[in-house]
Amino acid sequence: MSGITVYWNNITLLRRAEETYINEYLLNTNKIQMEYFGLGMPRKIRNQVVEDMAKYNEPNADVIVSTDFDIFQDKRILFDKLDLFYDLAKEFDIRKEIKDSGVMYPTGQIIVAHLLPLVICVNEEIIGDINHPDSLKDLCKDEYKGKIVLGSNDIAAGRTVVMNIWNLYGEDYAMKFLDNVMFVPIPSMAYNYCVIKKEIPICILPLILATKELKTIFPSDGCPPVPTYVCVKKNTPSVAIDFLKKTLFGFEMQQFYSERGLIIPSRNDVSINSALFENNSLCRIVFPNYDFRENFDMVKFSTIMDTLNVYT
């Protein structure tokens, strides 16, 4: 049986713990080569896959795990290349809450391992007499100009918020939001501006970073999630499926994501963390559905996002 290469670009906040699970699996095999991407790593997965497509007309990896959704949404990259991949849906039973969120594809070549919800957080100590925003739409109002911080414009945590506003309310609202928000390189830096430096009263954070110092608001029009997308190339050895079933989709790792990462797991036998519930109901999750993504001008969107100012 030949070996495989895995491109891994998952939740940065959890990378060390993820690698512990992965390294334990790798102790029993020499068939897997891991290549890590994302914040703090020398390469971005988007650039790597673009180079691969130009050189090989396919990714130079057997397995891709990525929160960087551009590679799957952009028709210049993988959106129209589903015939390259194996039908993973028949291998995994994805929970209904994820299927209903809009993140899925109509066919089973690209599936979702889990969702990382983003929430609105308010530092009540410094917001003064400004109204607390209740929704993503609220964040587009003029009164919030310069009052919102978000990390970052070139990672999923920032891009998913803007794309969701664009989907829900149109391009003009997305542009209003961009005029209001200050982008910083990483979500934890947004937390620092809001809590430590006390300079910006509103931040948008993964729920895992929403602490007691901040008022946490589940947007009434839905929490934008960061999906972890997964695909496997056709004719890939079965070791790829075994790797996914025993790591990313394994019970222990999925439970870890739920308990420590406050992430919605794909496994039905792993409970969703109670922190994700409001009034005994799971917080609403919103994401542009496939029909929107199919017709969305990702070239225009990427150009807008890639040319924004980022503050340190």
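Eight of the eight residues of β9 (225-232) are buried, so the strand is largely enclosed by the rest of the structure. Strands here are DSSP runs of E of at least two residues, and helices are runs of H or I of at least four, numbered from the N terminus.

This is a predicted model, in which local features need pLDDT of at least 70 and side-chain atom pairs count only at pLDDT 80 or more, while totals for chains, interfaces and linings use all residues. Residues are numbered from 1 along each chain as its sequence is written, and side-chain values use heavy atoms, with hydrogens and water left out.

I then checked the partners of β9, where pairing requires at least two DSSP bridges between the strands. Strand β3 (63-66) pairs with β9 in the antiparallel sense over four bridges, and V65 stands opposite V230. Strand β4 (111-122) also pairs with β9 in the antiparallel sense, over five bridges, and L116 stands opposite V226.

Next I looked up L244, which, leaving aside neighbours within four places in sequence, is in contact (heavy atoms within 4.5 Å) with residues including V65, V230 and V232.

Last, I noted that the buried residues of helix α6 (171-180) are A174, F177, L178 and N180.

Definitions and conventions
Buried < 20%, exposed > 50% of the residue type's maximum accessible area, 1.4 Å probe, protein only.
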